[in-house]
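Dear colleague,

I am passing on the structure we spoke about, and below it you will find a short account of what turned up. Please keep it open beside this message as you read.

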Amino acid sequence: MNLDNKDFDDRQQNYRRMRWMQQGLDPDEMEAKWCEEKETRAEARRERLKQENAERRRREEELKNSALVANDKRFQAAVTDRKFKKQKFIASDKLNELVVQRKTTPAAGKKVTKKKGPKSRPQ
């Protein structure tokens, strides 16, 4: 696979040099300029990704600290565990809403049982 990639890169460089020659430009000079531009684009991309990752981490930390669920001892392990951060699990915002909703409204599925007094026997 690496050989295929190397061949591709070589062909790409050859076509680039041929195109510059057809345009009447010096291929060595243009190659140097192209390498500098490529390096500046890569550096800009690295900086952008660094900022995006820092912002994402800050938002996650802020959400974790402000969430109702994070303060609930029953859910602390789930909040800090990485596998619960995957998309197939409920987001902490939604989980907070569900917790608040559960506390304010009675459960629909539970039956209300009446306490029975002492059984009376028929005489």
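Helices here are DSSP runs of at least four residues, numbered from the N terminus. The model is a predicted one, and its secondary structure comes to 5 helices and 0 strands. Of the 123 residues in the protein, 10% are buried, and carbon and sulfur atoms account for 52% of an accessible surface of about 11,900 Å².

Helix 1 covers residues 2-22 and contains Tyr15. Tyr15 is exposed, with a relative accessible area of 55%, and together with Met18 and Met21 it makes a nonpolar surface patch of about 350 Å².

The structure also holds 10 salt bridges. In one of them Glu31 pairs with Arg16, their closest N and O atoms being 3.9 Å apart; this pair links distant parts of the chain, since Glu31 lies in helix 2 (residues 27-66) and Arg16 in helix 1, 15 residues apart. Buried means under 20% relative accessible area, so Glu31, at 12%, counts as buried, and Arg16, at 8%, counts as buried as well.

Glu55 and Arg59 meet at 3.7 Å, N to O, and because they are 4 residues apart in helix 2, about one helical turn separates them. Arg58 and Glu62 meet at 3.0 Å, and they too are 4 residues apart in helix 2. Arg58 is partly exposed at 42%, as is Glu62 at 48%. Salt bridges that share partners join Glu55, Arg58, Arg59 and Glu62 into one network.

Key. Residues numbered from 1 in each chain as written. Predicted model: local features only at pLDDT ≥ 70, side-chain atom pairs only at ≥ 80, totals over all residues. Heavy atoms only, no water. Patch = residues over 30% accessible without salt bridge, like charges linked within 9 Å, V, L, I, M, F, W, Y side chains within 5 Å. Areas by Shrake-Rupley, 256 points an atom, 1.4 Å probe, with all protein chains shown as cover. Salt bridge = Lys/Arg side-chain N within 4 Å of Asp/Glu carboxyl O. Helix = DSSP H or I, 4+ residues; strand = E, 2+ residues; numbered from the N terminus. Buried < 20%, exposed > 50% of the residue type's maximum accessible area, 1.4 Å probe, protein only.
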